[in-house]
Amino acid sequence: MQPAKKIKPGKKVKLSHYDPEPDTGLSKEEAAERMKELSQEVGDLQESLYAAGQNSVLIVLQGMDTSGKDGTIRNVMSEVNPQGCRIESFKVPTEQELAHDFLWRVHRVVPPRGMITIFNRSHYEDVLVVRVHELAPEEVWQKRYEQINHFEKLLADNNTIIMKFYLHISRDEQEERLLEREQEAEKAWKLSVGDWEEREYWNDYMRAYEEALSRCSTDYAPWYIIPANKKWYRNLAVAEVIAQSLRPYRKRWEGSLSKLAAEKLAELEAMRNAK
Ligand code: ADP
C-alpha cells in the first residue's frame with residue numbers, strides 16, 4: 001500500500017487533482033491492524049536510531065486548521081519512547097524572532113543525532129500565512145523557497161532524514177470539523193473565531209501550498225500529500241511513509257550498534273584482565 005503521494009522534484013502540484021478521501025478498498029479494521037504493526041515498527045526504528053546516534057529525523061507537518069496535525073502526532077508516535085522524540089510548534093513569531101531571519105528560530109530546534117523532531121507547523125508558514133496575509137513583501141517571501149531548499153540541504157548533508165507531510169482535507173470536511181468542535185465540550189479549548197476567518201482565504205492558501213509543494217519537494221526533503229479526510233487513513237499513510245523512509249537505515253544502525261557493543265565489551269574485558 002502506498003497511500004501517500006510523494007511529490008517528484010520539480011513537479012507542478014495542483015491540489016484539486018488529489019482526492020482527500022480516495023477509495024482504498026481498505027476497511028477500518030484492516031487499517032487498525034496494519035497501524036498497530038506500523039506504530040510498533042516506528043517505535044523499534046526510533047530505538048535503533050537513538051542507540052546508533054548517526055542520523056536525526058525531521059518530520060514536518062503542515063495542513064489547514066483542523067487537518068489533524070495533533071492527532072497525527074498522537075497516533076503515529078504512540079509507540080515511540082518520548083525521550084527520543086520532540087515536538088516543536090511554530091506560532092506567530094515573537095518580536096525577537098522577527099528581528100532575525102525567518103530560519104533562525106527553526107534552526108535552533110532541529111533534531112540532534114539520535115533524535116526525532118516533529119514540526120507542528122514549520123518554516124513553511126513563512127511562505128504560507130505570510131504570503132496569504134502579505135505579512136512580508138513578495139520580494140521577501142519569493143526568495144524563501146530557495147532559501148528553504150538550501151537550509152534543508154544543509155540539514156540533509158549533516159545526516160538528517162527529512163520527511164514533509166501536507167495533510168490534505170477538503171473545505172467541506174473542515175467546516176464539519178469546526179462545527180463538531182462547538183458540540184463537544186472537551187474540544188471547546190480549540191474553538192477560535194480566527195479559524196472561521198482563515199477559512200475565507202481557503203483558495204489563497206491552496207495556491208500558496210501548491211507553490212511550496214511544487215518548489216520545495218526535493219530528493220533529500222520530499223513532500224508527501226496525505227489524504228486526510230479520514231483520520232484513520234491519514235494516520236496509516238503517514239506511519240507508512242515514516243517506516244518506509246527509515247527502514248533502509250536499519251541495517252547500518254544495527255551494524256554500528258554491534259560494533260559499539262563489541263568495543264565496550266572489549267574495554268570491560270581489558271579492565272578485568274588488568275586487575
Ligand atoms: P495551531 O493552529 O497550530 O494548533 P495556533 O492556533 O496557536 O496553533 O496557531 C498558530 C498560528 O501561528 C497559526 O495561525 C499560524 O499561521 C501562525 N504562524 C505560525 N508561523 C507563523 C509565521 N512565521 N508568521 C506568521 N504567523 C505564523
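## Surface and charge

The accessible surface of the protein comes to about 14,700 Å². Carbon and sulfur atoms account for 49% of that surface. The model is predicted.

The protein has 41 positive ones and 46 negative ones. The centres of the two sets lie 5 Å apart.

## Overall build

The secondary structure comes to 12 helices and six strands. Along its principal axes, the C-alpha trace spans about 75 × 50 × 40 Å.

How much of the protein is buried? Buried residues make up 48% of the 275 residues. Next, take the contacts between residues at least 6 apart in sequence. Of these, 83% join residues at least 24 apart.

## Helix H2 and its cover

Helix H2 runs over residues 69-76. Which of its residues are buried? They are Lys-69, Gly-71, Thr-72, Ile-73 and Val-76. An α-helix has 3.6 residues a turn, so residues three or four places apart point the same way.

What covers the buried residues of H2? The cover includes two helices, H1 (28-52) and H11 (231-246). Strands also take part, among them E2 (56-63) and E3 (85-89). Strands E4 (116-120) and E5 (160-168) belong to the cover too.

## An aromatic pair

The structure holds six aromatic pairs. One of them joins Tyr-166 and Tyr-209. Their ring centres are 4.5 Å apart, and their planes stand at 40°. Stacked pairs have planes under 30 degrees apart and edge-to-face pairs over 60, so this pair counts as tilted.

## Glu-139 at the surface

Glu-139 has its place in helix H6 (residues 138-142). Is Glu-139 buried or exposed? Its relative accessible area is 60%. The cut-off for exposed is over 50%, so Glu-139 is exposed.

Val-127 is 12 residues away from Glu-139 along the chain. The C-alpha atoms of Glu-139 and Val-127 are separated by 11 Å.

Key: Residues are numbered from 1 along each chain as its sequence is written. This is a predicted model: local features need pLDDT of at least 70, side-chain atom pairs count only at pLDDT 80 or more; totals for chains, interfaces and linings use all residues. Side-chain values use heavy atoms; hydrogens and water are left out. Buried means under 20% relative accessible area, exposed over 50%, partly exposed in between (1.4 Å probe, protein chains only). Helices (H or I, at least four residues) and strands (E, at least two) are DSSP runs, numbered from the N terminus. Contact means heavy atoms within 4.5 Å. Accessible areas come from the Shrake-Rupley method with a 1.4 Å probe; for residues, only the protein chains shown count as cover. Lys and Arg count as positive and Asp and Glu as negative; His and the chain ends are not counted. The place of a charge is taken as NZ of Lys, CZ of Arg, CG of Asp or CD of Glu. Rings of Phe, Tyr and Trp (its six-membered ring) pair if their centres lie within 6.5 Å; planes under 30 degrees apart count as stacked, over 60 as edge-to-face and the rest as tilted.
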